[in-house]
Structures are given as C-alpha cells and as structure tokens.
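Welcome, and please get your viewer ready. We will go from one selection to the next and look at what is there.

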Amino acid sequence: MTRGPLLVPVLGDQLTPTLSSLSGCTPADTMVLLMELVDEATYVRHHQAKIALILSAMRHFADELRADGWRVDYVRLDDPASTGSFTGEVMRAAQRHGARGVRVTEPGEWRVRQMIDGWADATGLPVEVLSDTRFVCPLPDFFQWAAGRRESRMEYFYRDMRRRTGLLMHGDQPEGGRWNFDAENRSGPAPGLNPPAPLVFAPDAVTQDVIAMVRDRFGHHFGSVDRFGWPVTRGDAAQLLNHFITHRLPQFGQWQDAMLAGHDTMFHALIAPAMNLGLIDPVDACRAAQAAYQAGHAPLAAVEGFVRQIIGWREYIRGMYWLTMPDLADANALNATRPLPEFWWTGETRMRCMAQAVRTTHDNAYAHHIQRLMVLGNFALLAGLRPQDVSDWFLAVYADAYEWVELPNVAGMALHADGGRLASKPYAASGAYINRMSDYCGSCHYAVKQKTGPQACPFNALYWHFLDRNAAKLARNPRMAQMYATWNRMGEDKRADTIASAEAFLATLQPARPGWARDTSS
C-alpha cells in the first residue's frame with residue numbers, strides 16, 4: 001500500500017521557499033497546498049488592490065515552487081468545488097491526496113490559529129504547527145522578555161534585537177555610540193523638496209488575469225486596481241528593495257515623517273507589502289541598508305531608523321499582538337463609541353490632510369506611517385471613534401495590513417485603547433503638528449492657526465476636547481502633565497468656547513453606511 005504524502009498548507013502571507021513547514025520535506029513525499037479563499041477576501045472587505053496583490057503573489061509563488069520540483073495543489077478562487085475556507089479546503093485536500101498528516105507554519109493571525117487548532121479533529125490526521133522562523137524573535141522568547149516587566153517598551157526590546165542580529169553593532173556597543181537616532185529623523189518638508197518617483201511594476205499576464213477577476217468579483221470593495229504596480233514576485237521585490245537603497249535611503253531618515261501633497265510615498269521603501277507576504281527577508285533588507293551605510297552611501301541616522309522599524313518595531317508589534325490577544329481585539333480603555341464617519345471611505349471632507357490620506361489609500365492601498373498615525377489615527381483618537389471600527393478600516397484598506405501588525409498599531413499606538421500597555425501616552429496632536437510636518441494646511445478650507453469657530457482647524461478644538469473628556473484617565477500620566485497644566489490655565493470662557501467648537505464639528509460627522517468594511521446583509 002502506497003503511503004500518502006505529507007500535506008503542507010502554505011498561507012497567503014507565507015510565500016517563502018525556506019518556510020519552516022517546507023524545511024526538511026522532500027518534494028516527492030510532500031503535497032503543497034495553496035488556497036485562494038472567498039472567506040479570506042471578505043472577512044473584512046479588503047481593498048481591491050490588496051486582494052489582487054495577494055492572489056497574484058500566490059500564483060507566482062506556486063510557479064516558483066513547481067520550478068523547484070515541488071508538487072503543488074492550487075485551489076483557485078473560482079473553483080466551483082471550493083468551500084471558501086481554510087478548514088474546508090484542508091479537509092478536501094487531505095482526502096483528495098490521501099494525506100498521512102498535515103504540517104503548517106504558525107499563522108500570523110489569531111483567528112487563523114483557532115482554525116488550525118481544529119484541523120486535527122476535522123481531518124482525523126496529526127497536525128504539526130511549526131514556528132515561523134522568518135521573524136528574528138520566536139514568540140516564546142518574546143513572552144519571556146515581557147514576563148514580569150511593568151512596562152514592555154519597544155526601545156529595550158529593540159536593543160536586544162540589535163545584539164541578537166549584530167546589525168549596526170560595534171562589538172557590544174551600538175554603531176555611532178547611540179542606539180537611536182530618531183531625534184534626527186523628524187524634519188518637516190523643506191521648500192523645493194522633490195522625492196523620487198516610486199518604482200512600479202507593470203502587471204504581467206498572471207497579474208492581469210487576477211485584476212480582471214478582482215474587478216468582477218470584488219469591484220464593490222473599497223479602492224481601485226487601476227494603478228496597480230506592486231511587486232508580486234521575489235525578483236521584483238528584490239528590485240524594489242534595491243531601488244530604495246539606491247535612490248531613497250540616503251534621505252529617508254530626515255524626511256520619513258514629512259508629508260507633501262502629490263508625493264504619497266515620499267522617501268519610504270514601500271517594501272512592507274512584499275515583506276509581509278514573505279517575498280523579502282527582513283534581516284536581509286536590514287543588511288542591505290547596513291551595507292549602504294558602511295559604503296558611505298547612506299547616513300547612520302537613516303539606516304538606523306530603517307533597521308529600527310524592521311527588527312525593532314515590526315518584531316515588537318508581532319510579539320505584543322500575540323501577548324495581548326484575544327483581549328486586544330475588544331479593547332476600548334477610553335470608552336470611545338463614535339462610529340466611523342462616512343468620509344473615511346469617500347474622502348469627501350474639507351480637511352485637506354484627511355482627504356489626502358484617504359485619497360492615496362483609495363488609489364494605492366498605501367499611506368505612509370505618519371499619515372496613518374498622526375493624521376488618520378490622530379483624528380480617530382481625538383474624535384473618539386470606536387476602536388473596532390477603526391481597526392476594521394485599517395485592516396481592510398492597506399496592502400501591508402494583517403491583523404498581527406495592524407491591530408496593535410491601531411488599538412495600542414494610535415487609539416490608546418489598550419490603556420497604555422504599548423505606548424506610554426496617547427499620540428494626540430493639534431493642527432500645529434500637521435502644519436509643521438506637511439504642506440497640507442496652506443491650501444486647506446480650515447485655518448490651522450485659528451483655535452475655535454467654524455473656520456478653525458478641527459484638530460485644534462478636538463485636541464482639547466479629547467484631553468477634557470479623558471482627564472480622569474489621563475491627567476495623572478506624567479507625560480501628559482504639561483498639556484493638562486496648559487488646559488487648566490485657560491480661562492473658563494475659553495475652555496467652554498473650545499468644547500463648544502469641538503462638539504459643533506463632531507455633530508457634523510455622518511456615520512459610515514453599513515457594509516463598507518464587513519458584510520452586514522446577514
């Protein structure tokens with residue numbers, strides 16, 4: 001009797017040939033399963049370009065595996081026999097191939113881990129779940145690092161990752177004598193600043209077929225595929241990384257927080273979607289940036305900032321996600337209950353900063369980190385938007401968004417919904433910050449220097465409204481003391497005028513119609 005193959009499901013964000021579930025397997029004795037699933041495209045209504053990116057990358061990866069000699073069972077979205085779910089397709093494949101067992105790399109998302117934990121019962125087969133070795137820090141190591149700490153701050157974790165990888169280290173000391181050059185990477189846009197055009201990739205025949213299917217099946221979802229240009233192969237992703245190192249990294253650090261209308265990507269790398277799919281190795285990307293510094297091509301501050309985002313923030317966010325789930329998904333420490341406004345989907349607002357952020361998100365499934373944190377996230381925080389609505393939006397609209405990276409950034413970093421476990425204080429700011437870091441305010445309908453009234457920048461009054469309504473929870477935070485001292489020094493009439501101005505603006509917000517992010521028909 002012939003022994004059946006080992007079934008190795010590869011998830012859509014695991015497109016790496018050295019994946020732990022494939023390591024140690026032999027092509028002749030293994031059946032690799034890739035699945036395009038309706039459930040995964042619609043559990044939130046993902047941006048059209050995000051769906052196209054993932055499905056095209058999966059199809060190209062299947063070809064890469066076949067070229068390397070692997071047997072691949074590829075279930076397409078339009079397969080009439082498909083169940084549309086991970087568990088259903090693993091069950092079908094196990095039966096189809098007479099599999100002797102299932103081997104899978106741990107997923108990035110809590111909800112998928114719950115599915116995998118049920119596969120043994122569903123299939124009647126042994127299921128082996130392996131650590132995702134594409135990350136620097138295994139989850140047990142992170143849990144051990146966080147255990148017993150009163151504050152699990154990223155900076156100290158980041159230093160451990162520097163020591164572990166040897167990146168930007170001079171013996172046991174940080175290169176340049178400092179761990180962090182963030183203070184040198186906060187410049188607003190200089191007059192005449194002209195970032196290089198982003199590198200885009202013309203869709204090949206495979207991607208064109210996927211785009212046509214997405215238009216047909218998911219054309220009602222947010223966003224557009226008209227400008228699709230993301231890398232969908234390992235070779236294209238390597239080319240994008242090299243383009244960043246050559247043309248953008250030297251100026252990335254100084255201008256990484258700056259925003260300019262018409263320059264949606266500034267000097268950013270744009271590699272997060274490819275990295276989160278598994279097309280770029282994170283440490284390899286950091287080593288390429290380090291080599292640029294060693295060759296004198298890029299300054300240390302820029303390279304350190306890039307490395308910190310990857311082996312510091314990215315690894316830390318993943319660890320915090322798994323440490324705090326499933327409670328994080330329902331966290332709402334500030335009791336924010338306002339529904340997401342309709343203009344988050346339509347872009348129809350007179351706030352130019354918000355309109356710009358929604359526009360680039362719609363067109364490109366992309367906005368850079370300051371647009372996300374200090375424009376969109378800041379507005380959501382100040383306006384008291386419901387964290388679950390905001391998290392659904394961020395998860396749906398960005399090409400690089402998976403819950404493990406999106407949820408802690410939104411609920412913890414942007415909205416302080418976790419009560420300060422991730423960030424020591426809320427990232428709240430008035431219009432002055434946006435004015436300093438962008439060119440948005442000069443052509444805005446609202447006056448950024450006006451504090452109250454119908455023509456005043458809404459961020460100004462909303463900032464104080466946020467502090468006032470959350471005083472019982474935030475006033476004792478030492479990092480908030482100066483802000484509350486300023487608020488308390490204001491005259492009673494000025495405070496009343498500010499609160500009235502904020503509430504008048506909040507009353508104009510129209511809730512988003514149901515069904516933008518999740519199907520509400522049932």
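How many cavities of 30 Å³ or more does a search of the whole structure find? The search finds 2. A cavity here is a set of points on a 1 Å grid over the protein atoms alone, where a 1.4 Å probe fits but cannot get out; grid points are joined across faces, edges and corners, and a volume is the space filled by probe spheres set on the points.

Before you select anything, note that this is a predicted model, in which local features need pLDDT of at least 70, side-chain atom pairs count only at pLDDT 80 or more, and totals for chains, interfaces and linings use all residues. Residues are numbered from 1 along each chain as its sequence is written, and side-chain values use heavy atoms, with hydrogens and water left out.

**Stop 1: the largest cavity**

Select Gly12, Glu40, Ile54, Phe86 and Tyr402, the closest to the cavity's centre among 24 lining residues (lining means having an atom within 4 Å of a point). The space in this cavity is about 380 Å³. Now colour helices H1 (38-42), H2 (48-67) and H4 (110-116), the elements that each give two or more residues to this lining. Helices are DSSP runs of H or I with at least four residues, numbered from the N terminus. H2 supplies the largest share, 5 residues. By class, the lining has 15 nonpolar, 3 polar and 6 charged residues (nonpolar: Ala, Val, Leu, Ile, Met, Phe, Trp, Tyr, Cys and Pro; charged: Asp, Glu, Lys and Arg; polar: the others, Gly among them).

**Stop 2: the second largest cavity**

Next, pick Cys353, Cys441, Cys444 and Cys457, which are among the residues lining the second largest cavity, along with Met351, Tyr446 and Phe459. Its volume is about 70 Å³. Helices H15 (352-364), H19 (431-437) and H20 (458-469) each give two or more residues to the lining, which divides into 9 nonpolar, 1 polar and 1 charged.

**Stop 3: H16 and H17**

Show H16 (residues 369-383) and H17 (residues 387-397), whose axes come within 10 Å and cross at roughly 150°. Axes are lines fitted to C-alpha atoms over the stretch in contact, with angles from 0 to 180 degrees between N-to-C directions. The two helices are therefore roughly antiparallel (over 145 degrees).

Note on methods. Parallel < 35°, antiparallel > 145°, perpendicular 65-115°, else oblique. 1 Å grid on protein atoms, 1.4 Å probe; cavity = no way out; pocket = protein on both sides within 12 Å on 5 of 7 lines; lining within 4 Å.
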